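Take a moment to turn the model around on your screen before reading on. We will walk through it together, one region at a time.

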Amino acid sequence: MDIRQLRYFSAIVRTGSFTHAAEELGITQPSLSQQIRTLEKQIGNPLFERLGRSVRLTPHGEALRQPAADILQQVAEAKSSLDQLQEGVRGKLRVGVIPTIMPYLIAPRVGAFSSRFPEVDLQFTEDTTPHLVEQLQSGDIDLAVSGLPVRNPDIVCSEVTREPLFLAVAEKHPLAREESIDLHDLQNERLLLLKEGHCLRDDVLRTCARGKAELHSVFETDQLASIFQFVRSGFGLTVVPAMTASHSAGCKLIPLRGNNFRRIGYLRARRHIVSRPMREFAAWLRTLVPRATAKDAAALCRIR
């Protein structure tokens, strides 16, 4: 077996299907299937049970799962050690970002980093925090930008900022006249949420529970843009971070009373050597998100 086969095997384990693994790897599904068949032939036993569009590990697949992850992590560490010997800031840097940060913070500004460090081969992937953690552990990415906390002994977390949260309502909603709001005052409102796996969902539910708001979830999605559309139409409301203000046309973002925020930071595998591109990206990230107060964020929302 070779490293490529193990990487393909681990991608199928992580995504739960050949189709999604092929999309993530950037190869065709027939090519992926051929490599897995070759690996299974070398082992002498099947690694997956095909269950329609999903797969399940066989006992031999389960036996290979952790050793394959360990090998891929060791390969990533070896490459990182070699990269450290190069002069200057250069080399490949693979960064994963969650969907509630990528389009609002990273994508609009990353050109500045690339201009400053043109010899860094910067590559991005967008996914939820649990999947990004798995990719850090397998060595498929070097850094992840995510909400915090992430409790995993293999992962090192560094907080960058604490971002105020706002109540998002339609511009014609009765609450839109309020300058600020206490979540406890919300009764029997329809709540719009991201699906399980999104850390912003956890932040929203935690904030609502702490504020003792009586809300009823009526819609869940993977797309924050869809939630804004529902809010804009007056169908329901939600809680969003300040950085989404530029995408909230037709909605009113109302500051929440009390200390309500989400924590943002970057993650890396504990065993992964910190390369120069990693250090520079982390430093650049900190320049994007100064520790704004809720008052500052509210002013920013009004300007936008």
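**A walk through the model**

Glu24 counts as partly exposed, at 32% relative accessibility. Here buried means under 20% relative accessible area, exposed means over 50%, and partly exposed lies in between (1.4 Å probe, protein chains only). What you see is a predicted model, in which local features need pLDDT of at least 70 and side-chain atom pairs count only at pLDDT 80 or more, while totals for chains, interfaces and linings use all residues. Residues are numbered from 1 along each chain as its sequence is written, and side-chain values use heavy atoms, with hydrogens and water left out.

Which residue does the side chain of Glu24 meet in a salt bridge? The partner is Arg14, at 2.2 Å from N to O. A salt bridge is a side-chain nitrogen of Lys or Arg within 4 Å of a carboxyl oxygen of Asp or Glu. This pair links distant parts of the chain, because Glu24 sits in helix H2 and Arg14 in helix H1, ten residues apart. Helices (H or I, at least four residues) and strands (E, at least two) are DSSP runs, numbered from the N terminus. Arg14 has 10% relative accessibility, so it counts as buried.

By this rule the count comes to 14 salt bridges. Another of them joins the side chains of Glu119 and Arg90, at 3.1 Å from N to O. That pair also links distant parts of the chain: Glu119 is in the loop between helix H6 (110-116) and S4, Arg90 is in the loop between H4 and S3, and 29 residues separate them. Arg90 is partly exposed, with a relative accessible area of 27%.

Now look at helix H8, where Arg206 and Asp203 both lie, three residues apart, about one turn of the helix. They form a salt bridge, with the closest N and O atoms 2.9 Å apart. Is each partner buried or exposed? Arg206 is partly exposed, with a relative accessible area of 42%, whereas Asp203 counts as buried at 4%. Salt bridges that share partners also join Arg7, Arg14, Glu24 and Asp140 into one network.

Next come the empty spaces. Rolling a probe the size of a water molecule over the atoms shows where empty space is left. On a 1 Å grid over the protein atoms alone, a pocket is an open set of points where a 1.4 Å probe fits, with protein on both sides within 12 Å along at least five of seven lines, and lining residues have an atom within 4 Å of a point. Grid points are joined across faces, edges and corners, and a volume is the space filled by probe spheres set on the points.

How much space lies in the largest pocket? The value is about 490 Å³. It is lined by 21 residues, and the closest to its centre are Arg7, Arg94, Gln123, Asp140 and Ile141. Helix H1 (3-15), helix H2 (18-25), helix H4 (59-83), strand S3 (91-97) and strand S4 (120-126) each supply at least two residues of this lining. By class, the lining has ten nonpolar, four polar and seven charged residues. In this scheme Ala, Val, Leu, Ile, Met, Phe, Trp, Tyr, Cys and Pro count as nonpolar, Asp, Glu, Lys and Arg as charged, and the others, Gly among them, as polar.

The second largest pocket holds about 400 Å³ of space. Of the 15 residues that line it, the closest to its centre are Gln66, Ala69, Glu134, Gln137 and Ser138. H1, H4 and helix H7 (129-138) each supply at least two residues of the lining, and the largest share, five residues, comes from H4. By class, this lining has three nonpolar, five polar and seven charged residues.

Finally, follow the backbone. A cis peptide bond joins Leu148 and Pro149, with omega about 5°. Pro149 is found in the loop between strand S5 (143-148) and strand S6 (155-170). Asn188, in strand S7 (residues 187-194), has a phi near 60°, a positive value in a residue other than glycine. Asn188 is exposed, with a relative accessible area of 56%. Lys212 lies in the loop between helix H8 (199-210) and strand S8 (214-221), and its phi is near 55°, again positive in a residue other than glycine. Lys212 is exposed too, with a relative accessible area of 60%.
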